[in-house]
Amino acid sequence: MAAIRLTVCVMVTGAGIFPAISRAGDAAAPPEPPAAIELPRSIGLGQVAEEPLEPFVPKNPVTEEERARQKAVTWFLTGQLREGRDDYAGAMTAYRNAIAVAPGELKPYQSLVTISFAQGNRDEATKYAILAAHQSREGVALARGLAGLLIRTSETQRAIDLLEEVRKSPPEDMRPVDELVLHRELGLFNRLVLKTDQAVEHYRKVMSALEDPDSPLSDEERDLLLGDAGKTYEEMGKVFLDAKLADLAVKAFDKASEFSKAVPAIHSFNLATVYKETGRADKALEELQKYFDAQLQSKGREAYQLLADLLKDLERSDELLGRLEELHDRDARNKTLSYFLAEQYEQQGHLDEAESLLTETIGRSHDPRGLVGLASVYRRQHKAKPLLETFTKAFQLLERFLTQADDPEVVARMDSDTRAVIDRYRELETEIAEDEQAMDGLIAYGHELLAEDEPKLEFVQSYLLGKLSAEAERIDAAKEFYQLAIDMQNDPPPQLFKELGLALTTADRYKEASEVFQQMLEHTSPRLQAAGVRIEILWLQSHTLEMDGQTDAALEAIAEARKTLPDNPLLHFQEAWIPYHAHRWDDATAKFEEVIDAYKDSDAPGAAKAVRDSRFSLSAVYVQQGNFEKGEEVLLVVLEQEPDHPQVNNDLGYLWADEGKNLEQARGMIAKALATEPDNPAYIDSMGWVLFQLGEFEKAREHFEKAVELERGQDSTIWDHLGDTYDKLSRPEKALDAWRKALELEQEKPHPDEKILSRIKAKLPAEAAAGDPGN
C-alpha cells in the first residue's frame, strides 16, 4: 500500500518529545527499545583512550518516570522510521510499545489510528481511538475525527458505536462542552440511519443546555457547540418535526431564523412544515406563500411538493396548476419550479405543454431532472427514438447516484432534489417496463439501429434495453441486448453478466444462467478475474447449477470459491445447501454439522446466520429421514437462543402440527411468525395446517387459498394441504384439482421428493398418478 506520511515536529530535550506524560505504565514491564550502537571510547580526533574512563554520575539522577519517558520517545521515533520505510507492521508494534510506556500521550494513538484506518482495519482503528479518548479530551477529539471518516465511508452505525463508547468512559479532563458536542454529532449520525428517537434524545440535551440561563458554557464554547448555528438549529428542528414534537421544532426553527441571512422567508418555510404536521394546513399555506413571495430557491423541489400536499389536505388540488403557473410567470428562470410545473402538466395529460416547457428549460444543459421529465413524456407519447436517447442521457448523468441509492445512509445525506430525481428515474424505469407499447417500440428501434450497414446501437443503449427487457420479463430480448453490450466491451463490467444471469435465474432458465456465469469466469479481462468478483460469480453459479440438477458441477464451483475464502460462512453454508437440495441427506448432515461447529462461537460477519440456517436445514434433514425427535431438538436449541425469531417459531410450530401435538402452542408460535411476515406463504401454510389438525377446516381453507395466490406460494406441499382440506369439506373435484397441481409442481423439481410424490399419488385415481414422467 502507499506510504502514510505523518508530519511530526519533534524537539528532543531533557523531557523528550512527550513533555507532559500524565502517567507511566506500571501494569507490566514494556519491552526495551532497540539497543544503541556501541562506540569505542574516544578522547578526540580519533584517538582511543589508554585508560578506561570513569563512569559519569549526574548530580541529579534520572528518575524512573524520566527513564520511561525516554523509552517512549525511542519507541515513537522507531515507529516513525519504520513507517517511513513502509514497514507498517513494525511501526505499529513500536507505537504499541510507546503506549505501554506512556499511555497518556496522544501521538502514538494518532499514528495507530491512521495506519489501521488506511489498511481497512476498522476494528483496530476504533480500539485505539477509544483508548485515546479514555486518556484525555484530546483523545476524544481523535475519536470524533475517526467517526467523521467513518461517516464519509458510509459506516455510520460504527461511528455511532464509537462515540457512544467514548461517552460511557469519558476522560478525567472532559468538559461539559465536549460531552454536548458528542450529543450533537450523535444526533446527526442517528438521523442519517433513520433512528429518529435516538436523534431526538441527543438533540434534546443540546437544546436544553443552550436554553439554560444558568448554563456554564462560555461564548466560545457555545460557538464550538453550534458550529454553523443556523444549520445546526434547523437540523434539530427537522428531527423534532419528524418526531412530531412541534413545540420543540418551532423553538429550534425560531433560533435558526436568528442566524439565517434570509430570516423571514426561511423561517416561514420551516413554520409551514410544522403547521402541516400539526394539522393546520391553512396556516401552513400562509407561511409557505411568504417563502414564495421572497422568490427563494434554497428549499428546492421540497417547497413545491409541500404546496401540492397542503392543497390536497385542503381539498383544493384543482388550484395547484394555476398557482404554479403564477409563480412561474414571476420567476421564469427558476428551473426547479419549471420542472415541477412540467411534471404537473404531464400528470394532467397536457403532454405538449410539458414537452415544450421541459425542452425550453433544459436548453443546452444536461440537467437530469429535465431529462427524466422529458423521457417520461416521450414514454406516454410512445416515441421510441427520443425516449431511448433521453433515457440514456439521464442514466449516464445519474449512474453514480443510482449505484449508491440502495444505501439508506447515503440517501439520507442527499438533498431533496437529488433524492426526488433518483426516485422518479426508478419509477420511470418500471413504468417503461410495464408499458407494452413502449417496450415494443424500444425493442423494435434497437433492432432498427442494429440493422443498419454500420450498426448505431451504442453500448449504454444496449445495456438499458437489456435491463428494461429483463424487468419487463422479455427474457429473450434481455439476453440479446445484454450479450450485445458485453460483446461491445473488451473489459465489460461484471454487473452485465451478473444482471443477465440473475434475470435468467428469476425466469427459471438455470442452464442458460450457468452458461452466462461461465462465460464471465472464462473471460480474460483482469477486472473479471479479480478474486472478489470470481468468488461471487462462482457462488451464484453453484446455485444455478444445482437448480438445473447439476449437483456435482455445483459442488465443484463452490469448492473453487472456498479455496480462496476457506473461512467464509456464506460459502461454507452453500457447500452444505447443495447436497441438501439434491436430497443427499448424509452429505448434507455432515456439512451442516461442520458449519455449526466452525462458526457457533464466531463473531465473523454472517457467522450467526450461517449457524442458524444450518440448524434449520439440519432439522429438516432429520425430519426427512423420519427422525422427528432430533429435528425437534435442533429447533429447540435455536428457540432457546432466539425465542422471537419468526422462522424457528414457524418451523417448530409446523413440526408439532405435522405430528399432531402441542397444537395450541404451535398455533401461538406460528401466529408470532405471521405477525412479522404476514405475506410469507410458508407461514400462512403452517397456520392452515395447524388449523386443519385442530379440525377448523374452513379457516384452514382460507389460509391455503391465500398462500397459493402469492408469488412464492406455488409449492407442492401447500397445494397438497389445500386438496386435503377440500376433501374434508366434501368438495371432491376441487380436492382432485389441488392434488393434481401438487403432483405437477413436485414432478417439475430437479430432485422430486419421492415421499411427497407417493403421498400425493395415493390420493389420485390411477390414471392421474400414471402421468408421472418418471413412471
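I looked up Asp-724 and found its place in helix α37, residues 716-728, where helices are DSSP runs of H or I with at least four residues, numbered from the N terminus. Asp-724 counts as buried because its relative accessible area is 14%, the cut-off for buried being under 20% (1.4 Å probe, protein chains only). Leaving aside neighbours within four places in sequence, I listed Trp-689, Phe-692, Trp-739 and Lys-763 as the contacts of Asp-724, with contact taken as heavy atoms within 4.5 Å.

I noted that this is a predicted model, in which local features need pLDDT of at least 70 and side-chain atom pairs count only at pLDDT 80 or more, while totals for chains, interfaces and linings use all residues. Residues are numbered from 1 along each chain as its sequence is written, and side-chain values use heavy atoms, with hydrogens and water left out.

Next I checked the confidence: the mean pLDDT (the predictor's confidence in each residue, from 0 to 100) is 88 for the protein, and 90% of its residues reach 70 or more. Over residues 1-29 the pLDDT is below 50, though this stretch has 54 contacts in the model beyond near neighbours in sequence. Residues 35-49 also have pLDDT below 50, and I recorded seven such contacts for them.

Methods. Helices (H or I, at least four residues) and strands (E, at least two) are DSSP runs, numbered from the N terminus. Buried means under 20% relative accessible area, exposed over 50%, partly exposed in between (1.4 Å probe, protein chains only).
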